[in-house]
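Hi,

Here is the structure I promised to pass on. Have a look at it first, and my notes follow below.

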Amino acid sequence: MRYLLLIYSNPLAWGHPAFLRAAEAQDMSPQEHDRMSEQFETLLKEITESGELISAEALADPVNTRTVKVRGGVPVTTDGPYVEAKEQLAGYFVIDCETPERAGEIAARFPDARFAAVEVRPIMNLSAPEM
């Protein structure tokens, strides 16, 4: 089963798309930052070697986002993300693993999960529409 891991964090705190620099993280020692970075690199290596990692992308700063809605048949474009919140979608990973529990286990190992959120969503298989 494929899962989409949506990485949420505060763009004001972004120092690296794969490592959140939130207020809580800023209070960490350089050694703690290094340890979290090493844990993340270990996770990426593990899920790459196991074949569970399908793809991953960091998203640009939300200030560059445009939201398009069609109202009365006319497209209306606004600046910014759809949701006005402190935490924004920072990037995503597509993984392929056996169970929802394994997907949750992988998501919990992302540094971002310690300070913001990592959403786990099954990806529909349109050739087998049981979802």
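Predicted model: local features only at pLDDT ≥ 70, side-chain atom pairs only at ≥ 80, totals over all residues.

Ten residues, or 10 in figures, line the largest pocket, and those nearest its centre are Leu59, Thr65, Pro81, Gln88 and Leu89. A pocket here is found on a 1 Å grid over the protein atoms alone: it is an open set of points where a 1.4 Å probe fits, with protein on both sides within 12 Å along at least five of seven lines, and lining residues have an atom within 4 Å of a point. Its volume is about 170 Å³, taken as the space filled by probe spheres set on the points, with grid points joined across faces, edges and corners. The lining divides into 7 nonpolar residues, 2 polar and 1 charged.

Residues are numbered from 1 along each chain as its sequence is written, and side-chain values use heavy atoms, with hydrogens and water left out.

Now the overall fold. The protein chain has 3 helices and 8 strands, in the order β-β-β-α-α-β-β-β-β-α-β along the sequence. These are DSSP runs numbered from the N terminus (helices are H or I with at least four residues, strands are E with at least two). Of the chain's 131 residues, 31% count as buried; buried means under 20% relative accessible area, exposed over 50%, and partly exposed in between, with a 1.4 Å probe and protein chains only. Among contacts (heavy atoms within 4.5 Å) between residues at least 6 apart in sequence, 72% join residues at least 24 apart.

The largest nonpolar core has 15 residues, and Leu5, Ile47, Phe93, Ile95, Ile106, Phe110 and Val118 touch the most other members. Two or more residues come from each of β1 (2-9), α2 (30-49), β7 (88-96) and α3, with α2 giving the most, 4 residues. Such a core is a set of buried Ala, Val, Leu, Ile, Met, Phe, Trp, Tyr and Cys residues joined through side-chain atoms within 4.5 Å.

Leaving aside neighbours within four places in sequence, Leu5 is in contact with residues including Phe93, Ile106, Phe110 and Val118. Ile47 sits in helix α2 and counts as buried because its relative accessibility is 0%. With the neighbours within four places again set aside, Ile47 contacts Glu52, Leu53, Ile95, Arg102 and Ile106. The C-alpha atoms of Ile47 and Ile106 are 8.4 Å apart, although 59 residues separate them along the chain.

Arg102 belongs to helix α3 (residues 100-108). Is Arg102 buried or exposed? Arg102 counts as buried, because its relative accessibility is 17%. Its side chain makes a polar contact with the side chain of Glu52 at 2.9 Å. For that term, a pair of N or O atoms must lie within 3.5 Å; within protein, one must be able to donate a hydrogen and the other to accept it, and residues adjacent in sequence count only if both atoms are side-chain atoms.

Finally, Ala58, in strand β4 (residues 53-58), is partly exposed at 43%.

Best wishes

Key: Nonpolar A, V, L, I, M, F, W, Y, C, P; charged D, E, K, R; others polar.
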